[in-house]
Amino acid sequence: MKMQPGEVFDSPTRWLVESRSTPGETYLVELVSYRGNGSCQCKWFVTQMEPLLARGVDAEYAYTQNLIAQPKKWPEKPARHCLRCDHILSARDDYAQMKLEEDAIAQKNSTL
Ligand SMILES: [Zn+2]
């Protein structure tokens, strides 16, 4: 399920992503936090994921050791994303799209 696109906050790696369960509520996602894992202000991230990241646990270890409960809605979520909430994944996708569009423009300009 695709979330609404987020918007860049004050730098390209900081995004505001809207809550699906509470329309109008937004969370600040910082993509570079925790060595590129990202961080979010939502309750799920702050209570379930951030304590592990703060201890230096990485996603692969958390996944293989069953340190984090995965909601049933994420059966297909790969291990590398198990310490990322939906908001972080959405912001990463938006960030990648923005960078690809910038690269596409740069490549087009370089061939003119
Ligand atoms: Zn979140």
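**View 1. The largest nonpolar core of the predicted model has 17 residues****.** Val29, Cys40, Met49, Leu83 and Cys85 are the residues with the most contacts inside this core. At least two core residues come from each of β2 (14-18), β3 (26-30), α2 (43-54) and α4 (86-110). The largest contribution is that of α2, which gives 4 residues.

**View 2. Surroundings of Leu83****.** Leaving aside residues up to four places away in sequence, Leu83 touches Met49, Leu52 and Leu53, and also Asn37, Ala59, Ala62 and Ile68.

**View 3. The buried side of helix α2****.** Phe45, Met49, Leu52 and Leu53 are the buried residues of α2. They lie on the same side of α2, because the arc they cover around the axis is only 100°. An α-helix has 3.6 residues a turn, so residues three or four places apart point the same way. The buried residues of α2 pack against α1 (33-36) and α3 (59-64).

**View 4. The opposite face and the ends of α2****.** Lys43, Thr47, Pro51 and Ala54 are exposed residues on the face turned away from the buried side of α2. At 1.5 Å a residue, the 12 residues of this helix should span 16 Å, and this agrees with the 16 Å between its end C-alpha atoms. After α2 comes Gly56, which has a positive phi, near 90°.

**View 5. The chain as context for the close-ups.** The chain contains 4 helices and 3 strands, arranged along the sequence in the pattern β-β-β-α-α-α-α. Of its 112 residues, 24% count as buried. Among contacts between residues at least 6 apart in sequence, 38% join residues at least 24 apart.

How values were computed. Residues are numbered from 1 along each chain as its sequence is written. This is a predicted model: local features need pLDDT of at least 70, side-chain atom pairs count only at pLDDT 80 or more; totals for chains, interfaces and linings use all residues. A nonpolar core is a set of buried Ala, Val, Leu, Ile, Met, Phe, Trp, Tyr and Cys residues joined through C-beta atoms within 7 Å. A residue is buried if 20 or more other C-beta atoms lie within 10 Å of its own, exposed if 12 or fewer, and partly exposed in between; C-beta atoms are placed from the backbone. Two residues are in contact if their C-beta atoms, placed from the backbone, lie within 7 Å. The expected span of a helix is 1.5 Å times one less than its number of residues. The arc is that of the directions from the helix axis to the C-beta atoms.
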